[in-house]
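Open the model in your viewer and keep the selection tool at hand.

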Amino acid sequence: MNEELAITIGRIARAAREEQGLTQTEVGPRVGLLSTVYSRLERGKMLPSVPTLYRLCTELRVSPEDMLGLTALVRGRKGQRPRARADEVPALRRLLYLARKLDAEKLEALLHVAAVLTR
C-alpha cells in the first residue's frame with residue numbers, strides 16, 4: 001500500500017466531508033463502505049478500490065485529481081489541502097454550509113439575526 005497516497009486521500013476526504021457538514025456514518029454507506037471501514041480510509045489506513053474512489057469523489061463532490069493530491073489546490077504540503085484559516089472554526093464552516101442552502105428570504109433573515117447578535 002502507498003501510505004502517502006492513503007494519507008492524502010484520507011485527509012482530503014475528511015476535509016470535504018466536514019466542509020459539507022456530514023458524518024462518517026452518513027458518508028460510509030453512500031460510498032458502499034461500513035462506517036468503520038470508511039473511518040479507516042479517512043485515517044489513511046487503507047486505499048479505496050477504483051469504484052469506491054469514484055463513488056467517494058461523486059458523493060463528496062471532489063474531483064479525482066484533487067482527491068489524489070494532483071492539483072495545485074491540494075499540493076500545498078505533500079498532497080494535503082491548505083490549512084483552514086485560524087478564524088475558520090468548524091462552527092463557522094458549518095454555518096456557511098447551511099447558509100448556502102437558504103433561499104434569499106431566509107438568508108436575509110439570517111443576516112438580520114447575525115447583525116443583532118453582533119451589537
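Colour the chain by secondary structure and follow the elements from the N terminus: they run α-α-α-α-α-α-α. The protein has seven helices and zero strands; helices (H or I, at least four residues) and strands (E, at least two) are DSSP runs, numbered from the N terminus. This is a predicted model, in which local features need pLDDT of at least 70 and side-chain atom pairs count only at pLDDT 80 or more, while totals for chains, interfaces and linings use all residues. Residues are numbered from 1 along each chain as its sequence is written, and side-chain values use heavy atoms, with hydrogens and water left out.

Next, show the surface. Its accessible area is about 8,100 Å², and carbon and sulfur atoms hold 58% of that (Shrake-Rupley method, 1.4 Å probe; for residues, only the protein chains shown count as cover). Of the 119 residues, 31% count as buried, meaning under 20% relative accessible area, with exposed over 50% and partly exposed in between (1.4 Å probe, protein chains only).

Now select residues 3–19, helix α1. Its 17 residues should span 24 Å at 1.5 Å a residue, and the end C-alpha atoms are 24 Å apart, which agrees; the expected span is 1.5 Å times one less than the number of residues. Just after α1, G21 takes a positive phi of about 70 degrees.

Which residues of α1 are buried? They are A6, T8, I9, G10, I12, A13, A15, A16 and R17. These buried residues pack against α2 (24–30), α3 (35–42), α4 (50–60) and α5 (64–67).

On the α3 side, Y38, L41 and E42 meet residues of α1 including A6, I9 and R14; contact means heavy atoms within 4.5 Å.

Last, pick R17, in helix α1. R17 is buried, with a relative accessible area of 8%. Beyond its neighbours within four places in sequence, R17 touches L22, T23, Q24, V27, Y38, E42 and L60. The side chains of R17 and E42 are joined by a polar contact of 2.5 Å (a pair of N or O atoms within 3.5 Å; within protein, one must be able to donate a hydrogen and the other to accept it, and residues adjacent in sequence count only if both atoms are side-chain atoms).
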